[in-house]
Amino acid sequence: MDHVSVVVDDLAAATAFFVELGLELEGEATVEGRVVDRVNGLEGVRSDIAMMRTPDGHGRLELAKYHTPSGPGGDPRAPANALGIRHVAFAVEGIDDVLDRLRAHGAELVGELARYEDSYRLCYVRGPEGIIIELAEQIK
């Protein structure tokens, strides 16, 4: 897999959130034109994108803000069991510190921080645009 794309309304806030999580902004661009329309199956696409790279260099996350055409919108409070891609998981160290830093960007716990057996401390966090991310800290 090359990357996962997430559509957002506030590209700057989403970018800042993922930078705080440890991702690096790899580049930004505006995409539009006939080829973009054909790939998306839409007419008149104009979108700003921010490509983020994970700290290990192996994964990428594309954040996309569509200016045109307008989309149907979604439910930013959709629960974790709603249909579709519901969360993206990140391995972290110092999960309590990561949570504190993300809360400064408006993140909130979906449930609670819990210990899974003797292997992980886990939680779901809802960030900008209702994006749910899972934080997983391996217990050593």
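Let's start with the largest pocket. It holds about 840 Å³ of space. Keep in mind that this is a predicted model. The lining of this pocket counts 28 residues. Nearest its centre lie Val7, Val8, Gly73, Gly74 and Glu129.

Which elements build that lining? S1, S4 and strand S5, residues 87-91, each give at least two residues to the largest pocket. S1 supplies the largest share, with four residues. By class, the lining of the largest pocket has 14 nonpolar, nine polar and five charged residues.

Now the second largest pocket. Its space comes to about 390 Å³. Here 21 residues form the lining. Leu23, Thr54, Pro55, Ala89 and Phe90 are the ones nearest the centre. S4, S5 and helix H3, residues 95-103, each contribute two or more residues to the second largest pocket. S5 gives the largest share, four residues. Twelve residues of this lining are nonpolar, five are polar and four are charged.

Look at S3 and S4. Strand S3 covers residues 46-53, and strand S4 covers residues 60-68. They pair in the antiparallel sense, over eight bridges.

Arginine 60 takes us to the salt bridges. How many does the structure hold? Eleven.

One joins arginine 60 to glutamate 26. Their closest N and O atoms are 2.9 Å apart. Glutamate 26 sits in strand S2 and arginine 60 in strand S4, so this pair ties together parts that are 34 residues apart in sequence. Glutamate 26 is partly exposed, at 35% relative accessible area. Arginine 60 is partly exposed too, at 22%.

Another salt bridge joins arginine 101 and glutamate 20, at 2.7 Å, N to O. This pair links distant parts of the chain. Arginine 101 is in helix H3, glutamate 20 is in helix H1, residues 11-21, and they are 81 residues apart. Arginine 101 has a relative accessible area of 26%, so it counts as partly exposed. Glutamate 20 is also partly exposed, at 25%.

My last pair is arginine 77 with glutamate 108. Their side chains meet in a salt bridge, again 2.7 Å, N to O. Where do they lie? Arginine 77 is in the loop between S4 and S5, and glutamate 108 is in strand S6, residues 108-109. So the pair ties together parts that are 31 residues apart in sequence. Arginine 77 counts as exposed, at 51% relative accessibility. Glutamate 108 is partly exposed, with 35%.

Finally, the network. Salt bridges with shared partners join Asp2, Glu26, Arg53 and Arg60 into one network.

Technical notes
Residues numbered from 1 in each chain as written. Predicted model: local features only at pLDDT ≥ 70, side-chain atom pairs only at ≥ 80, totals over all residues. Heavy atoms only, no water. Pairing = 2+ DSSP bridges. 1 Å grid on protein atoms, 1.4 Å probe; cavity = no way out; pocket = protein on both sides within 12 Å on 5 of 7 lines; lining within 4 Å. Points joined across faces, edges and corners; volume = space filled by probe spheres on them. Nonpolar A, V, L, I, M, F, W, Y, C, P; charged D, E, K, R; others polar. Salt bridge = Lys/Arg side-chain N within 4 Å of Asp/Glu carboxyl O. Buried < 20%, exposed > 50% of the residue type's maximum accessible area, 1.4 Å probe, protein only.
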